[in-house]
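Me: I want to learn how to read ligand sites in a model. Can we take them one at a time?
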Amino acid sequence: MTLKLKDPSLLRQQVFLAGEWIDADTRETVAVSNPANGERIGTVPMCGAEETQRAIGAAEVAQRDWARRPAKERTAILRRLNDLMLANQDDLALIMTTEQGKPLAESKGEIAYAASFIDWFADEARRVYGDTIPAPSADRRILALKQPIGVTAAITPWNFPTAMLTRKAGPALAAGCAMVVKPATQTPFSALAFAELAQRAGLPKGLLSVLTGSASKIGGEMTRNPTVRKLTFTGSTEVGRMLMKQSADTIKKLSLELGGNAPFIVFDDADLDAAVEGAMVSKYRNTGQTCVCANRIYVQKGVLAAFTEKLVARVQALKVGNGVEPGVTQGPLIDDKAVAKIEEHVADAVAKGGKVLTGGKRHALGGRFYEPTVVAGAISDMLVAQEETFGPLAPVFAFDTEAEAIALANDTEFGLASYFYSRDIGRIMRVAEQLESGMVGVNTGLISTAEAPFGGVKQSGLGREGSKYGLDEFLEIKYVCLAGLDR
Ligand SMILES: NC(=O)C1=CN([C@@H]2O[C@H](COP(=O)(O)OP(=O)(O)OC[C@H]3O[C@@H](n4cnc5c(N)ncnc54)[C@H](OP(=O)(O)O)[C@@H]3O)[C@@H](O)[C@H]2O)C=CC1
Ligand SMILES: O=C(O)CCCC(=O)O
């Protein structure tokens, strides 16, 4: 298929390695198709360990010079990159919708969100402050310097193909690091378009490489290679756990943004319309395919019927279809495995007494389209309570007391995001403090922003992205002891 881009050169079908656009050494390629209709968009190179090794070598050379430049120079290049992303927002969004499936309006929103990480870290580059620390003796001074960690590697997912890349590359480049990136095989074109814009912005040759191909071979080299000092990953807990094991031999610093199982709690004293709005945003954004999506909706019994009725009405108004069509709010799921997973969760819920209030089956459009679904009568034994569905299924659970809600919410090995709605300030503080998650949305279903620290606790991962803390993930602290100052 031909994409109608204003700037067709943004659709790159080669990888960006050490400042050059090249094919895989073997000339092998992998096809990329549109999840909405299966049409082939194009191909990307099937790279492996050798190309990864070369990209890491080039990154090592480029990083030395980059780290020595004044922060102001790095800021200027990142600022140009932010401007280029926004200037090309329409094309970047069309590429994203075509390979990922999300509605065009969401893709445009993601490009702006992605650029905001470049913008934020362009500023933060100039604020890498160290410390002077009072020493225990008069002849000494203690300095804590912050220095870039060096060459870094990133493995990114398909659900936010550009934002998850800039949330990693933004702080890495701002801190003075180099980065080798492997995007998800389903959505490589967004990452390659970003590389094209990075080149145009004047990023030095070799500082950023984007390689497509074999996940195990590229990931294997990234973790094995001692030159890579840090690996940052967003994706499934299973792959994150494996990368952590693989990184053990070279003791890499790790950031892992893994699966979630977010509780969304509605207390009796909540503003119900606001709670329904929040549930819609949190649950159905990106057709339910975000790691911070509400996965379990707990509603206090006093408002259960009213909340559920309002939720169902809103869900029935969603429009399913190809994301490029006007008015569509729900695109296809990313692949057949994702459709099979939501089918399994719905069947399991029904078998255990759940009642489908709307949806509950594949959409009449066929393919990877699934009807936005609400299931009432959800209980803890169901799969939906234990695993993230990563699809448009809202299971509604009932509860009696605040203590019960907190216990249910925390009954998971995950701890990424939690949400709750209440107007009682005492309850707001109590519940926010007791929820076991890295992020808590109070009276909102949308918490993501470049200024805030994004990340999880428990098996949802390690480290924080975005905010001033996101930069620290790419910095090492060097202690310098100045002695003999009284001589
Ligand atoms: N936290 C989040 O935001 C995300 C969570 N998920 C969760 O994971 C589930 C499965 O999704 P899935 O796409 O399979 O997620 P994966 O974890 O498999 O994919 C995420 C990234 O990891 C890469 N990867 C896969 N295997 C390896 C490996 N052996 N070595 C190095 N990199 C690897 C993928 O590459 P490739 O595409 O080439 O396989 C992709 O770039 C979802 O249903 C959801 O529950 C998924 C995506 C994002
Ligand atoms: O699903 C993710 O991995 C990230 C969610 C996007 C965001 O809200 O930042």
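Reply: Start with a polar contact, a pair of N or O atoms within 3.5 Å. Here an oxygen atom of ligand 2 is 3.1 Å from an N or O atom in the side chain of Glu 257. This is a predicted model: local features need pLDDT of at least 70, side-chain atom pairs count only at pLDDT 80 or more, and totals for chains, interfaces and linings use all residues. Residues are numbered from 1 along each chain as written, chains are lettered from A and ligands numbered from 1 in written order, and side-chain values use heavy atoms, without hydrogens and water.

Me: Which polar side-chain atom lies 2.5 Å from an oxygen atom of ligand 2?
Reply: One of Tyr 113. A polar side-chain atom of Arg 285 lies 2.8 Å from a ligand 2 oxygen.

Me: How many residues surround ligand 2?
Reply: A residue is near a molecule if one of its heavy atoms lies within 4 Å of it. For ligand 2 there are 13, and Cys 291 and Ser 448 are among the closest.

Me: Now ligand 1. Which polar side-chain atom lies 2.6 Å from one of its oxygen atoms?
Reply: That atom belongs to Ser 236. A ligand 1 nitrogen is 3.3 Å from a polar backbone atom of Ala 215. The protein covers 83% of the 860 Å² that ligand 1 has on its own.

Methods:
Polar contact = N/O pair within 3.5 Å; in protein donor to acceptor, adjacent residues only side chain to side chain. Areas by Shrake-Rupley, 256 points an atom, 1.4 Å probe, with all protein chains shown as cover.
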